[in-house]
Structures are given as structure tokens and as C-alpha cells.
Amino acid sequence: MSITEGRRWSRRELLGEIALAGVAGFVGLRAAGLLTGLPGPRAVLAAEPPPETSTIRLLRNSSAASLCLAPQYLAEEFLHAEGFKTVQYVGIGPAEIVKALASREVDVTMHLPGLLIAGVDMGYPTVILAGVHVGCYELFGTDRIRSIHDLKGKTVAAGPMGSGRQFFMAAILAYVGLDPRRDVRWVTDSPPLAMRLLAEGKIDAFMGFPPEPQELHAKKIGHVLVNTMRDRPWSNYFCCFVAANREFVREHPVATKRVLRAILRAADVCAREPARVARFLVDKGYTERYDYALQAMNEIPYNRWREYDNEDTIRFHSLRLLEAGLIKSSPRKIVAQGTDWRFLNELKRELKSRGAIPGGLHHEHHGG
């Protein structure tokens, strides 16, 4: 293990780095001498009013597979620097996240687009604020499955019914013309059991979420049918968004912007210092295996939030779920009722005014 890999963040060190970062940001000064692209806390505190609340509640996914939420976990110290005195992480099951957001059990969370879209379709007071990163899922199959089409009539493990993982898998099936309600048999066993069943050939496919794909690769179990970080069209769209309770956003606009900034700054850290983030995740108890965490941090594109078109992803996934009969609202209605890009656009204007993105903002527009 290198010296960098072995280092641990102390609270004092991280807060000290944040305080010294100023306009350039913590990672840029320390690691590369470059702007992280987000203004530092000193400049922000001088220009903005304090958050309307001193307490913020975020999600801690009770599933062991939640490494792609690293920016949300890492954001804790950035949130303190943004003026929040109390930062709470509430343990929620993967199928209950949108309900928890709607009931204000949590205020803000990162989550998958499919389940957030379904929540908007059902009338939950949920608003999607910004995409964070691309891809984290890998779909594994046994040797008898060579393509997505081969899954018709077969068994697919994708977590509990109604979870974000299942909705993402449903979008993949719908994209190739399969009906997720009729054409596959869903297996709802826990991921550890499902991976064992895949290894034994007792199920046909498994939708893996970090650190599960890393474990399957290490143990040479199954083969990859879809890698959402590399394979189109999935690599063209956000995998995780920041979403909030609508009333929280209405009552606390300054706090909302500050939370979003903290999470996006943490995403920059994940992109630039994957080894230290992996060690943080292990030390904080979010995962057990440093090697799997490091692999995931190196593979997940955490730096795409500046580039990709947020509405493009929402339209794409909404259309897939509409085709599958899982939602009733049109993509246009989902965008109109369930998104609010004001805070992200403000942050991007700050980026542009500070010259963090040469030549202005860059967006990649994709079909769908």
C-alpha cells in the first residue's frame, strides 16, 4: 500500500484543508494546484446568507451496497463548513428511500433516476436538483445468457421489489423491447445470496451495485452483459441525482444550494483522490473491503456533473419507464413537475464567472 493509500483523513485535517482552500477548493490546492470548480467556503460565506436551518438530514442506505453514494457521505465535513451545525445520516432501506424523502424523514439524498421519477409520477413531493455521476451498475449473466434479449423468461435478481435497482433494471429491459412486468421472473433475495445463486447457476442474471461488481469480478463469477459506466446508451446518462423534499427546498433555498454545493464538491474529491475516499469509506464503516472500494472509486465517473445534460437523463429514463407501463406521466410532465435546476445553474454561473470552465459551460446532449 502506498503512503497516499494508507493515509486517513482526520476531522481536523479535513476542516483545515477546507478552511485554507478559499476560492480554489480543497482538492485543487492540495492535490493538483487546480480549481475544483466550486468556490470555497470563505468566498461563499461572504456573499451568501447563512442556511435557514442549522440541521440537515441525509440518507444512509441500509444496504451494504452503497459505495456510489460516496459524495453524500464525504459531504459531511463540507456541510459543516457550509454552516450546518448538525448533519444527520438516517438509515433507510433501498425500497423506502423516496417515501422517506416525501415524509421528510430525510431532507436531501442522492438516488437513482428511476425511483425518483416513479415518486414524482405518484405525486410525492420530491424534486430532482442535479445529476452527480454516470454509471455504477453492472449486469452479470451466466454462460447461458449472452445478451439482454436472452433474459426473456429467465430469472433476474435486482434487489427488493420497488427498489431503485429494480427500476434501473426495468429500464434496461424496456430499452431492448422486453416487458419487465411479464418477460422476466424477479428474484428478491439479498445481494449476497443472489450472488451465490448466480455462481451456482440457479439464477440467470444479477444486477450488481458497488461493491458487488468488484467482488464478482474478483471471484470470476458470471460475465458482464451491461456495464453502465462504459456501455451506451447508459454511459451517456446520469446514474445518481441529488433530490430533495419539495417543501424543504421551498422553505430553505439557501440551505438547498449549500447542500448541493457540498455534495458536488465531495464528488470532485472522489474524482481526484479515489484512494483517500476509499480509505474514508472503510474507516467510517460504509464498506469492509478497501480494495473493492478503491476499484469502485477509480471506475465511477464522478466528474461528469459539469458536463452532462440533466434533463436528457430524466427524459430518457421517464420514457423507458413509460414504455414499460411503470409510470403514467409523460417525460415532459416529469421534468416540469419533478425537477428544479435553479441551484445547479447558479453554481454553474459561479463556475463560469470564476473562469473554472474555459470557454464557458460544456454540455453533452444525447438522444432519448
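These legends accompany several close-up views of one predicted protein model.

Residues are numbered from 1 along each chain as its sequence is written. In this predicted model, local features need pLDDT of at least 70, side-chain atom pairs count only at pLDDT 80 or more, and totals for chains, interfaces and linings use all residues, while side-chain values use heavy atoms, with hydrogens and water left out.

**View 1. The whole chain.** The protein chain holds 17 helices and 10 strands. Helices (H or I, at least four residues) and strands (E, at least two) are DSSP runs, numbered from the N terminus. Of its 368 residues, 60% count as buried. Buried means under 20% relative accessible area, exposed means over 50%, and partly exposed lies in between (1.4 Å probe, protein chains only). Contact means heavy atoms within 4.5 Å. Among contacts with a separation of 6 or more, 80% come from residues 24 or more positions apart.

**View 2. An open sheet of 5 strands.** The strand order is β7-β6-β8-β5-β9, and the pairing is mixed. The edge strands, β7 (185-187) and β9 (223-227), each pair on one side only. From one strand to the next, the twist averages 25°. Two strands pair if DSSP finds at least two bridges between them. Strands of a sheet pair through backbone hydrogen bonds, either parallel or antiparallel.

**View 3. Strand β6 beside β7, with helix α9 on the sheet.** Strand β6 (residues 155-157) and β7 run parallel, joined by 3 bridges. T155 stands opposite R185 in β7. Helix α9 (residues 191-199) packs on the sheet. This helix touches β5 (138-141), β6 and β8 (205-208). The direction of α9 makes about 140° with that of β8. Axes are lines fitted to C-alpha atoms, for helices over the stretch in contact, and angles run from 0 to 180 degrees between N-to-C directions.

**View 4. Helix α10 crossing helix α14.** Two packed helices are described by the angle between their axes and the distance between the axes. The axes of α10 (residues 212-219) and α14 (residues 290-299) come within 9 Å and cross at roughly 115°. That makes α10 roughly perpendicular to α14. Angles of 65 to 115 degrees count as roughly perpendicular, under 35 as roughly parallel, over 145 as roughly antiparallel, and the rest as oblique. α10 passes α14 in a right-handed crossing. A crossing is right-handed if the near helix is turned clockwise from the far one by less than a right angle, and left-handed if anticlockwise. From α10, the contact uses Q214, E215 and A218. From α14, Y292, Q295, A296 and E299 take part. These contact residues divide into 3 nonpolar, 2 polar and 2 charged. Ala, Val, Leu, Ile, Met, Phe, Trp, Tyr, Cys and Pro count as nonpolar, Asp, Glu, Lys and Arg as charged, and the others, Gly among them, as polar.

**View 5. The surroundings of V87.** V87 sits in strand β2 (residues 86-92). V87 is buried, with a relative accessible area of 13%. Not counting residues up to four places away in sequence, V87 touches I56, L58, E76, L79 and H80. R57 is 30 residues from V87 in sequence, yet the two are 6.1 Å apart in space, C-alpha to C-alpha.

**View 6. The surroundings of A158.** A158 lies in the loop between β6 and α8 (164-175). At 0% relative accessibility, A158 counts as buried. Leaving aside neighbours within four places in sequence, A158 is in contact with S163, R165, Q166, M169, W186, V187 and M207. A158 and L139 are 19 residues apart in sequence and 9.3 Å apart in space, C-alpha to C-alpha.

View 7. P211 belongs to the loop between β8 and α10. P233 lies in the loop between β9 and β10 (238-245).

**View 8. Positive phi at R104 and K220.** R104 is not a glycine, although its phi is positive, about 70°. R104 is found in the loop between α6 (97-102) and β3 (108-111). With a relative accessible area of 24%, R104 is partly exposed. K220, also a residue other than glycine, has a positive phi near 55°. K220 lies in the loop between α10 and β9. With a relative accessible area of 73%, K220 is exposed.
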